[in-house]
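Have the coordinates open as you read.

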Amino acid sequence: MGQSSDSGGAANSANSKKLTLVPGVQAEPFYISMQCGAQEEAKKLGYELTTQAPQKFDATMQTTIVNALGVNPPAALLIAPTDDQAMLAPIQQVKNRGTKIVEVDTSLQDKSVAESSISSDNTAGGKLAAQTMAKLAGDKPGSVLILDTIAGTSTTAARAKGFEDELRNHPNLKSAGIQFTQNEPEQAASKVTAALASTPDLIGIFATNLNTVEGAATGLRNAGKIGQVNLVGFDASPSEVDGLRKGEYQGLIAQDPAAIGTQGVQQAVAALEGTPVTRTLTAQLHSITKDDMDANSQYFYKQSR
């Protein structure tokens, strides 16, 4: 197969219309919704998009997938880096083969690699979560626990920081600190059990993603505290929407993953076709509570493609 000498394998004619999406983890409604948006847009623009997702949100697993792309590089790679430093070398190697890189949802610390980064404004999302928590708590004083996922995950770290920063504007609420769950629901549940024992005035929990909020709900359920401690989660997966309807969660901060996928493809195609690329794009966020969930149903994530 012939390759043009200047930009390596990705520029070869057989792959010039091929895009690859490597999300953070497989079978997660957020990334499924992103994939739907990306596939639809790719088709519309005359490109073919394939998706390869790691089994876990794990840099080693994602590296294996990215390394394999180097053999037959796509024209563009849309990727949600699972670690903002560890994923630099493998992504850089694919770029060196002539592939255009677009970051979706998460990003590398090194800003020189990607043509464009599309994500939610996660700091703003954390602030919105704190405002939602303050509304739910009313004037009642108390402590709020923040459950983050894995240290080094840019998105959830920004949500936790935004939440803590905004919490300072609500004097009746104080932070009970940030705990890491390693993105495992069982760990989130045990951190909630420990916090209920050590923090008698616990009034709220902010969980920065799906696995963490599901684990937190389990912890509250085991302690018989569902509905007594306000639980605000991030995202609007089918299980979370169900939990909101049942009263297991009191608030959700929904992203717009389909729009992230759509914009990711648009920027990748712009980079390939030599039209202007926007370096940083942010997708909208929406606060949803039980009272207004039906009016916001367009932001619920998809379970399947």
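By class, the largest cavity is lined by five nonpolar, eight polar and four charged residues. This comes from a predicted model. The largest cavity holds about 180 Å³ of space. Its lining takes in 17 residues, and those closest to the centre are E28, Y31, F57, D105 and N209. Two elements, α1 and α5, each give two or more residues to this lining. The largest share, three residues, comes from α5. How many cavities of 30 Å³ or more does a search of the whole structure find? It finds one.

**Pockets**

The open spaces come next.

| Space | Volume | Lining by class |
|---|---|---|
| Largest pocket | about 290 Å³ | three nonpolar, ten polar, five charged residues |
| Second largest pocket | about 210 Å³ | four nonpolar, four polar, four charged residues |
| Largest cavity | about 180 Å³ | five nonpolar, eight polar, four charged residues |

The largest pocket has a volume of about 290 Å³. Of its 18 lining residues, S107, K111, S117, S119 and T280 are the closest to the centre. Which element gives the largest share? That is β5, with four residues.

The second largest pocket has a volume of about 210 Å³. Its lining includes V25, Q26 and E28, then K56, F57 and D58. I150, Q182, N183, E184, L210 and N211 also line this pocket. E28 and F57 are also among the residues closest to the centre of the largest cavity.

**Helix α1**

Helix α1 covers residues 29–44. Its 16 residues reach 23 Å from first C-alpha to last, close to the 22 Å expected at 1.5 Å a residue. Is α1 mostly covered or mostly open? It is mostly covered, with twelve of its 16 residues buried. The buried set runs from P29 through F30, Y31, I32, S33, M34, Q35, C36 and G37 to A38, and also includes E41 and A42. After α1 comes G46, with a positive phi near 85°.

**Helix α9**

The buried residues in α9 are P257, I260, G261, T262, G264, V265, Q267, A268, V269, A270 and A271. Just after α9, G274 takes a positive phi of about 75°.

**Loop residue K225**

K225 sits in the loop between α7 (210–222) and β9 (230–234). Is K225 buried, exposed or partly exposed? Its relative accessible area is 32%, so K225 is partly exposed. The cut-offs behind that call are under 20% for buried and over 50% for exposed. Leaving aside neighbours within four places in sequence, K225 is in contact with L196 and L220. K225 and E248 are 23 residues apart in sequence, and their C-alpha atoms are 9.6 Å apart in space.

Definitions and conventions: Residues numbered from 1 in each chain as written. Predicted model: local features only at pLDDT ≥ 70, side-chain atom pairs only at ≥ 80, totals over all residues. Heavy atoms only, no water. 1 Å grid on protein atoms, 1.4 Å probe; cavity = no way out; pocket = protein on both sides within 12 Å on 5 of 7 lines; lining within 4 Å. Points joined across faces, edges and corners; volume = space filled by probe spheres on them. Nonpolar A, V, L, I, M, F, W, Y, C, P; charged D, E, K, R; others polar. Buried < 20%, exposed > 50% of the residue type's maximum accessible area, 1.4 Å probe, protein only. Contact = heavy atoms within 4.5 Å. Expected span 1.5 Å × (residues − 1).
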